[in-house]
Amino acid sequence: METLIKIINLISKKNFFLRIPEKIDILIFGHTIRNLKIEKKKVYILDNQIFISAVLISIKKMFLNGNFNFAHLNDIYFSEIVNSMAPKIAIGNEINFNIFKFKKFFPKKIAIAYQCVQWEKFHKARLKEWFKMKPLICDYFFVYDKKSKKTLNFVKSKFIISGSLRNNEITIQKKKKKYDIMFISEFREKKKIVTKHTSKIIGLMGRESYTFQSFILKALDELIKEKKLRVCIALASRRPEKNDKISCSSEKKFLNQYISKFYTEPIKSYKLAEKSEISITCFSTLGKELLARNHKVMFVLYSKFKSVNKKYLPEHDGKYWYKGQNNYLLKKKIIELVKLRKKKWLMYLRRQNIGYGYDPGNKKLKKLIK
C-alpha cells in the first residue's frame, strides 16, 4: 500500500508520454540549465516526464523479480529510460541524485555533475542527510570556486572551477538604468525541515531569512521616503524552479509589511538587475552570480552569520557587504554603492579578487563535451 501511495503521489506531478525518445547524445537531468546550447548534438532534458511504455516494462520486471518495492521499481524504470535513449554523456546537479545514479548503473558512460547550491557550514545537517548515498562518483564536477571544491571533496570526481553553469549560459543585453536598487527576495513558505528517517527537526525554513529580509526592507522603505529612490524586487515566486513552491500572494503580503512602495516586472531577475544600479541580497546564489558579472551587489548579513560566505564577505565591512544590525550604517553603505561609479567599482573588484568563477557561454563545459 505504501508503494502504491508513493507511485500515485509521484505520477500526479508528471507529464505523460507514450514512448521514450529516440537515441540521443546527451541527457540532462532537471531543468536548472534548460537553456544550455550544445551545437550539433542531440540533447534531451529529463525533468517531469513519465514514459508509459517504460512504466509497463518496469512493473513487469518488478513482478518477475519478486521485489515489490518502490525504490526497486524506480531503479528499474531509470535503467529502462537510459538504456532506450542510450546517451553517451549525462549532465546533472548535485541535488538531483540522478547524475550519481547514472554513473553507478552505467559506469562506462560519462557523468558530468555541476554545482547548483552554495554549500556552507550551516548546511552540515542537510548535507549529511542528502548525501547519504555513498560512494558518490562522477567523471567531472563543475563547481563555483575553490571553496566549493573543498566543501564537496567527498564526491569522487575531477573538479573544474567554472562558476555557475546557469549564470554562464545567460546572455543579457545592456539596459538603461530604471531603478536605483533591486532587492533579491529570498521569501520561502514557513515549514519544518525534518530528516527522512527520524522525527528530529533540523531547521525551520524561513525564520532566519525573514529576520534578515525585514531588516533590509525597513531600511529600503526609509531610503524611498528620504532619498526618493526607486526600488524594484526580484520575486522568488517568479523563478521557474520556485513558482510551484512559493505563493506569489504570500510573498507580496510579507513584503508589504515592511516596504510601502516597490516595483516588480514579469521578467527574469537577471534582466531586472541589468535595469538597476545595484542589487541587494542576504546570501542568494543570484547575488554571487551578478557579482561574477561585475554588477554592483550588496550582501547584508547579521553578525551571528559572519562565517557565511567568507570568500565573498571578508572579516571586515567593505563596499559590497555589511554585517550587523545598525540601520543607519546599512543605509549609508547602500547610498555609497548606488553613487559609486562603475569604473571605480571594477577597479575595486579586481583588487578584491572575489574568486567566484565565471565562464561566459560555458566554454569549458562545451569543450569537454566536444
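In helix α9 (residues 248-256), the buried residues are E251, F254 and L255; buried denotes a relative accessible area under 20%, exposed one over 50%, and partly exposed the range in between, with a 1.4 Å probe and protein chains only. Viewed down the axis of α9, these buried residues fall within an arc of 95°, so they line one face of the helix; the arc is that of the directions from the helix axis to the C-beta atoms. S249 and K253, on the other side of α9, are exposed. An α-helix has 3.6 residues a turn, so residues three or four places apart point the same way.

The model is predicted: local features need pLDDT of at least 70 and side-chain atom pairs count only at pLDDT 80 or more, whereas totals for chains, interfaces and linings use all residues. Residues are numbered from 1 along each chain as its sequence is written, and side-chain values use heavy atoms, with hydrogens and water left out. Helices (H or I, at least four residues) and strands (E, at least two) are DSSP runs, numbered from the N terminus.

Five strands form an open sheet with parallel pairing, in the order β12-β9-β13-β14-β15; two strands pair if DSSP finds at least two bridges between them. β12 (231-234) and β15 (321-323) stand at the edges with a single partner strand each, so one side of each is left without a neighbour in the sheet. From one strand to the next, the twist averages 20°. Helix α11 (residues 285-292) packs on the sheet and touches β9 (179-184), β13 (276-281) and β14, its direction making about 145° with that of β14. Contact means heavy atoms within 4.5 Å; axes are lines fitted to C-alpha atoms, for helices over the stretch in contact, and angles run from 0 to 180 degrees between N-to-C directions.

Within the sheet, β13 is mostly covered, five of its six residues being buried. Four bridges join β9 to β13, and M182 has S279 in β13 as its bridge partner. Three bridges link β13 with β14 in the parallel sense, with T281 opposite F299 in β14. β14 (residues 297-301) is in turn joined to β15 by three bridges, and L301 stands opposite K323 in β15.

R239 lies in the loop between β12 and α9 and is buried, with a relative accessible area of 13%. Beyond residues up to four places away in sequence, R239 touches I184, S185, R188, A234 and S269.
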